[in-house]
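Here are my notes on this model, as numbered points. Please read them with the structure open beside you.

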Amino acid sequence: MSLSGIKIKDQEDLNRLQNVLKKRRNDEECSVAICGGTGCHSSGSEKVREAFQRYLERNDPEGKIKLRLTGCQGLCERGPLVVIFPQEIFYQKVSVDDVEEIIEKTVLNGEILERLLFTDPISGEKYTYSREIPFLQKQKRLLLGNNRLIEPTSIMDYISLGGYGALAGALTKMTGEEIIQEISYALLRGRGGAGFPTGQKWKECYEAVSDEKYIICNADEGDPGAFMDRSLLEGNPHLVLEGLIIGGYAVGAGEGIVYVRAEYPIAVQNINNAIKQAEKLGLLGENILGSGFNFHVRVVTGAGAFVCGETSALVEAVYGRVGEPRQKPPHLAEQGYMNKPTVVNNVESLANVTVIIRDGAERYRQVGTEKSKGTKIFSLVGKVNNTGLVEVPLGMSLREIIFEIGGGVQGGKEFKAVQTGGPSGGCIPESLLDMPTDFDELASAGSMMGSGGMIVMDEDTCMVDIARYFLNFLKEESCGRCFSCREGISRMLEIVEDISRGRSSLEQLELLMELADVVQDSTMCGLGQTSANPVLSTIRYFKDEYLAHILEKRCPAGVCHDLISFSIDKDLCTGCGACAKKCPSKAIEGVIKQAHMINLQKCTKCGICFEICKFGAVQKS
Amino acid sequence: MVNLTLNGLEITVEKGTTLLEAAKFYGIEIPTLCYDEALSPYGACRLCLVEVSKPGGRSKLVSSCTYPAMEGLVVRTHSERVMKARRLLIELYLATCPSSKTIQDLASKYHVTKVRFTQKHEDCILCGLCVRMCEEQMQAKAIGFVNRGAERRISTPFDAKSDECRLCGGCIYICPACRLRCQGPNEESPVCNACLNLSPPCLDQYDDAMCYMDPCVACELKIQK
Amino acid sequence: MEEKYQDEFEEFLKALENGEVTAEYDGKEISEAVCPANGSGKGDNNEENNSIVSLLQEIQKEHHYLPADVLKEVAEKRNIPLMDIYSVATFYKSFSLEPVGKHKIVCCSGTACHVRGGKKITGEISRLLKIKPGETSKDRLFSLETVSCLGACALAPLVVVDGEYCGNMATSRIESFLEERLPLQKE
Ligand SMILES: Cc1cc2nc3c(=O)[nH]c(=O)nc-3n(C[C@H](O)[C@H](O)[C@H](O)COP(=O)(O)O)c2cc1C
Ligand code: FES
Ligand code: FES
């Protein structure tokens, strides 16, 4: 039997299906969840899955052990991850060779394999069950929690956990207005960057009079260093789709569009697949669940442009044209796609919508700060021990996220800053780490929530270099229309580059700040308006570093190419010759077993010798 | 009709009027580089910035050529914030494209007397007037924007001679950078000394025939004096 | 019609309960037939698909780049100004107007990768392949690209060689790593 022909015609049918599937699920004696998120995938989880499948086909013909290839489970760096249910035994860095032992010992006999357990990088303590691991325990995985329980390609897995119940409830018991009220009461703020109250945005679109309206799901996620939306779309596409349908119903839209960036092929595939499945089951299309509501969704893939994440540029990109933002007003709620009222929402915002309608706003409000409720997913990356996705209640302090969940800075180095908000955000120093993460607090610190990238930087990161990095990114990613954005960013970059080369002056630093102010003030869209944040926030909190570059011609972190040089300490060098062998420009001279030397004329400062020397003889200054 | 405040003046304009048009109508001059009455507004040069606020709201800078007049809006065309941004932008223009007389004139008008940025000598400020001219008035679409960000430039498809181009010259006619060339600036002093702080009489009267003369007779006379 | 669905639904529920249906219900059969194209939605005024981006995506899929004569042909056939097509083709980063190499090496230049030394990795690869980012080698063997985040930031710095994601790169490891995968020429 296949899915064709089966339609869920009303809420009651859905309930019955949910119950049957739930029961089936409870009957599962044990199951193995292999993480198939991008992180684990790159560390070979697909091979592990194949090995499991091969082994089970041979040894478990009745299919008692259920195998699931799930979406991202969060602790990406330790992949491939495998969780064994019902005990929730958590294995990390699993390889193909471990598979047989895992099934024979752990799955069938409950024996724990010590070597695969998660070890805390700081305390060295080992954890057996996923619920004990501090990284996961301290989180509140409202949205991501189900990722490890479902196969993203299976709508039945989603329904078995009560999926589409929120939609059914909304369609049968609530009017559009009531839904909007509920969302407003839940104080949901957009997770795409600006933190605009979703309820209010929907209300404007709801009130606009038009025969046609559109709702667009923004999955452009161009923010480098962030991959929350990717994990949601890849790991639990139905959660987002359900939110999109509810949103469409609330504002009165007949068509939904999911705009996904092209760099995420699996996300594109999974959401497309989810749409097809929902259509087949009658959860999407004409007369959904007998409510009389018609709604269609299609996917548009991007072609690679950060600026297309901006709402008005996004609309242009959906048309398939050049993605240039336009002046607002008219706002999208009046004139958007096809010149009709349009709402644009971020992936994570829509996932939250499903949760709010499912659990009720009252319950949702129990988590979060006074002004913003719920959780926020951050991608905790950079120089931190536990990298991966973390979902925490809004308002948790940065310190807790970085040090307790993230396990602190890698390699015992000194913490320097955390960058939030991507190219629109800023760097936050140690002194502000106790600040609660909340839209307003971050903005007052000169950064912003952004979509949720959180890049930890240690003492080896140069803040001038970071400012330069973001300016360079923005220089390429700006659409180039506004003179102030195009030329302003180029000129800011010019000055910052001069600083990083030790060829600048205090006047130029002043000019940089003046220019940053004007660029911020005089451009049309959000890209230009926030482009100065990386510069201004690094100057604000790390002026010393700028001054060191300018006045002393020195890069304290040892990053800026023109201000560092390498040398070999004669006393430490054992003359092993490893560096000379690897040096790409043959700049290292010396006789084996005798101290070597770097020919500074030939040296390109690539730093390979520094990395390779086991004796710490190569020194950077 | 909508009512708004323009530089302290209570004014009424037709719905759909842009702030730039409203200001023009009331005789307030706002500098522009990418605006032309005959073409759709584009909002790229950012010189026409004005400060707007709603009562009780925070003020922001917007390009007046693209911003519609709205009920109750308070508009300031020459506030300190506007002037600061405008001056710096003119300085940036000078640093990029000093051989445009239009830009040099703006500089002298706004008393921009020095350039603190590295001097470049480009011919195009990407105001897009020519692109819109070609598309909207000539119905040709022979030229357009290529690339994005700092790499953005104006060209024909594949940088080859375009089949659509009828050599009408409309693009050259409307270009603010090459219509009037200023011979003054050199490596050492990008701000042209010849017209410095002399407000050329033709600038205020855009439609004056003199404006199309190259070199501008009025300026020539003043320099000779 | 309605009734038929109803019957089938009942039948399906029963089969589920008895454990008679298993894998097919996942709808896996659907997932393969999916192509990421911008279908022409209801809202498109024209019968034909007018999205230039999706047209170009299709061309690029077929030719692996955007050949000039194909673009000109499409412009003519679809009556789209060639200028518009050229603007779109140069605006978006994923389009290439030049043929790309046989092997595609993508270096992530996202923030997370940058902080963990991604720039050095790109530099090394660039040196080894003797091409700059964005270029294709003369023999059309390699193309080197940078992309600003591949969404696997936890494994930074990241390099993708012919579609294979390789995380936690280190400069000292690059050479042997590339040699394993690519026909590098030794000097
Ligand atoms: C330059 C720029 C890039 C943006 N990129 C994204 C993005 O990749 N994803 C996203 O959801 N929002 C992005 N945004 C924010 C959107 O404009 C918009 O605020 C958001 O999608 C609204 O959804 P929300 O209210 O649910 O957050 C970007 C904004 C700007 C100015
Ligand atoms: S005239 Fe308004 S931005 Fe150029
Ligand atoms: S920053 Fe490199 S994968 Fe995200």
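1. Contact here means heavy atoms within 4.5 Å. On that basis, 14 residues of chain C are in contact with 13 residues of chain B. Keep in mind throughout that this is a predicted model.

2. How much area do chain C and chain B bury between them? The figure is about 1,100 Å², and 66% of it falls on carbon and sulfur atoms. Three residues stand out on the chain C side. Met83(C), Tyr86(C) and Phe91(C) supply 52% of the area that chain C buries against chain B, more than any other three residues. The size of an interface is often given as the accessible area lost when the parts come together.

3. Is helix H5 of chain C, residues 82–91, largely enclosed or left open? Buried means under 20% relative accessible area. By that cut-off 9 of the 10 residues of H5(C) are buried, so the helix is largely enclosed by the rest of the structure. The buried set includes Met83(C), Tyr86(C) and Phe91(C). Leu82(C), Ile85(C), Ser87(C), Val88(C), Ala89(C) and Thr90(C) are also in it.

4. What covers the buried residues of H5(C)? The cover comes from two chains. Chain B brings strand S6 (144–146) and strand S7 (153–155). Chain C brings helix H3 (52–63) and helix H4 (68–78).

5. Now the nonpolar cores. The largest has 115 residues. Those with the most contacts inside it are Tyr337(A), Met492(A), Leu512(A), Leu56(C) and Tyr92(C). The largest share of this core, 10 residues, comes from helix H2 (residues 80–96) of chain B.

6. Chain A is divided into five stretches: domain 1 (25–139), domain 2 (155–364), domain 3 (375–458), domain 4 (463–551) and domain 5 (565–620). The centres of domain 2 and domain 5 of chain A, taken over C-alpha atoms, are separated by 56 Å. The secondary structure of chain A comes to 25 helices and 19 strands.

7. How does the overall size of chain A fit a compact globule? A compact globule of 621 residues would have a radius of gyration near 25 Å; chain A has 26 Å, which agrees. Its C-alpha trace spans about 80 × 65 × 40 Å along the principal axes. Of the 621 residues of chain A, 63% count as buried. Among contacts in chain A between residues at least 6 apart in sequence, 70% join residues at least 24 apart. Chain A exposes about 21,600 Å², with carbon and sulfur atoms supplying 47% of it.

8. Take Arg468(A), in helix H18 (residues 463–477) of chain A. Buried or exposed? Its relative accessibility is 15%, so Arg468(A) counts as buried.

9. Last, Lys543(A), found in helix H23 (residues 543–551) of chain A. At 35% relative accessibility, Lys543(A) counts as partly exposed. Not counting residues up to four places away in sequence, Lys543(A) touches Leu509(A) and Thr538(A). The C-alpha atoms of Lys543(A) and Met463(A) are separated by 9.3 Å, although these residues are 80 apart along the chain.

Definitions and conventions:
Residues numbered from 1 in each chain as written. Chains lettered and ligands numbered in written order. Predicted model: local features only at pLDDT ≥ 70, side-chain atom pairs only at ≥ 80, totals over all residues. Heavy atoms only, no water. Core = buried A, V, L, I, M, F, W, Y, C linked by side-chain atoms within 4.5 Å. Buried < 20%, exposed > 50% of the residue type's maximum accessible area, 1.4 Å probe, protein only. Helix = DSSP H or I, 4+ residues; strand = E, 2+ residues; numbered from the N terminus. Domains from an automatic or database assignment. Rg over C-alpha atoms; globule rule 2.2 N^0.38 Å. Areas by Shrake-Rupley, 256 points an atom, 1.4 Å probe, with all protein chains shown as cover. Buried area = accessible area lost by both parts, 1.4 Å probe.
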